[in-house]
Amino acid sequence: MNQQPHLYQAPDNLLADKIILVTGAGAGIGRTAAISFAAHGATVVLVGKTIEKLEAVYDEIEQAGYPQAAIYPIHLGGAVMKDYQDMHDTLQKEFGRLDGLLHNASMLGDRKPIAQTNSDEWQEVMQVNVNAQFMMTQALLPLLEAAPSASIIFTSSGVGKKGRAYWGPYAVSKFATEGLMQTLADELDNITNIRVNSLNPGATNTAMRRSAYPAEEPTVNPQPEAIMPTYLYLMGKDSEGVTGQAFDAQPKS
Ligand SMILES: NC(=O)c1ccc[n+]([C@@H]2O[C@H](COP(=O)([O-])OP(=O)(O)OC[C@H]3O[C@@H](n4cnc5c(N)ncnc54)[C@H](OP(=O)(O)O)[C@@H]3O)[C@@H](O)[C@H]2O)c1
């Protein structure tokens, strides 16, 4: 296994002919990951809730001459199992398989004490950050099984490893994400060609980070482009056989 995936140098054709779905592909890390996967040859399915943002990424991929992307708008806060089955059916018809699934979309929610978090807020964050991942993964598993080798990446966070005051349901959702990753990885190990890992991007200059730390100078954190090596490593063939592990996209200082 590559001991330093944050230094991974992806060959240009790493993801040639791969079909990869990215959630939250319209902005931030998901947008950059989608463009980066496309730049390495993948046909990317852009999933997110704001159609205009997805269209802008689609156009960017087209203008760069990368494989034509596909757009699949969905609101993870409101979608139910039937919506994910429809997603499966559409992708089955269009592509017949899925080589990669990057669960990237998340919402931060209001940062406040648990004592002041109402149950609607709690449930919304859990719905978007955990329940949606469960439903989408379950619905799309047959497509991942149909690929010769498939990679599922769940997106974690530092507060999903050690809880921190005022990070409420967001932190708890990231612990749950790690649990979903470990449980699924163990279930699929040795019986499928699907590997399942989690990835903590680390502090990255996106809208979410700027909203969580409004007093911070945004440029102290790397741009999403700088953290792509681990995303590419986990999506490509060099991570085959690696499963059930938690990765950090930025080296711990
Ligand atoms: N940035 C960091 O420092 C950092 C650190 C640790 C972990 N992370 C994790 O990295 C991932 C990406 O974060 P980011 O910083 O790139 O965040 P971001 O800039 O806020 O982007 C989040 C993306 O998720 C989408 N999304 C949010 N709610 C959605 C919903 N209900 N349905 C569908 N799509 C939805 C957004 O779509 P719209 O734009 O259409 O709303 C957007 O494309 C998240 O899982 C986050 O928890 C980030």
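Residues are numbered from 1 along each chain as its sequence is written, and side-chain values use heavy atoms, with hydrogens and water left out. Because the model is predicted, local features need pLDDT of at least 70 and side-chain atom pairs count only at pLDDT 80 or more, whereas totals for chains, interfaces and linings use all residues.

**Helix packing**

Helices here are DSSP runs (H or I, at least four residues), numbered from the N terminus. Their axes are lines fitted to C-alpha atoms over the stretch in contact, and the angles run from 0 to 180 degrees between N-to-C directions.

| Helix pair | Angle | Axes apart |
|---|---|---|
| α1 (residues 28-39) and α7 (residues 228-235) | about 55° | 10 Å |
| α3 (residues 81-94) and α4 (residues 119-145) | about 30° | 9 Å |
| α4 and α5 (residues 168-188) | about 15° | 8 Å |

Helices α1 and α7 pack at an angle of about 55°, which makes α1 oblique to α7; angles under 35 degrees count as roughly parallel, over 145 as roughly antiparallel, 65 to 115 as roughly perpendicular and the rest as oblique. The crossing of α1 and α7 is right-handed, a term used if the near helix is turned clockwise from the far one by less than a right angle. In this contact (heavy atoms within 4.5 Å), Ile29, Thr32, Ala33, Ser36 and Phe37 of α1 meet Met228, Tyr231, Leu232 and Met235 of α7. By class, 7 of these residues are nonpolar, 2 are polar and none is charged, where Ala, Val, Leu, Ile, Met, Phe, Trp, Tyr, Cys and Pro count as nonpolar, Asp, Glu, Lys and Arg as charged, and the others, Gly among them, as polar.

For α3 and α4, the angle of about 30° makes α3 roughly parallel to α4, and their crossing is right-handed. Residues of α3 including Met81, Tyr84 and Leu91 meet residues of α4 including Ala132, Met135 and Leu143, and the contact divides into 11 nonpolar, 4 polar and no charged residues.

Helix α4 also packs against α5, at about 15°, which makes α4 roughly parallel to α5, again with a right-handed crossing. Among the residues in contact are Trp122 and Phe134 of α4 and Tyr170 and Leu180 of α5; the classes here are 13 nonpolar, 6 polar and no charged.

**Around the ligand**

The ligand is surrounded by 30 residues, of which Lys49, Thr50, Lys53, Tyr170 and Thr206 are the closest; a residue is near if one of its heavy atoms lies within 4 Å. Polar contacts are pairs of N or O atoms within 3.5 Å. A polar side-chain atom of histidine 75 lies 3.3 Å from a ligand nitrogen atom, while an N or O atom in the side chain of lysine 174 is 3.0 Å from a ligand oxygen atom. Threonine 204 instead places a backbone N or O atom 2.9 Å from an oxygen atom of the ligand.

Note on methods:
Helices (H or I, at least four residues) and strands (E, at least two) are DSSP runs, numbered from the N terminus. A polar contact is a pair of N or O atoms within 3.5 Å; within protein, one must be able to donate a hydrogen and the other to accept it, and residues adjacent in sequence count only if both atoms are side-chain atoms.
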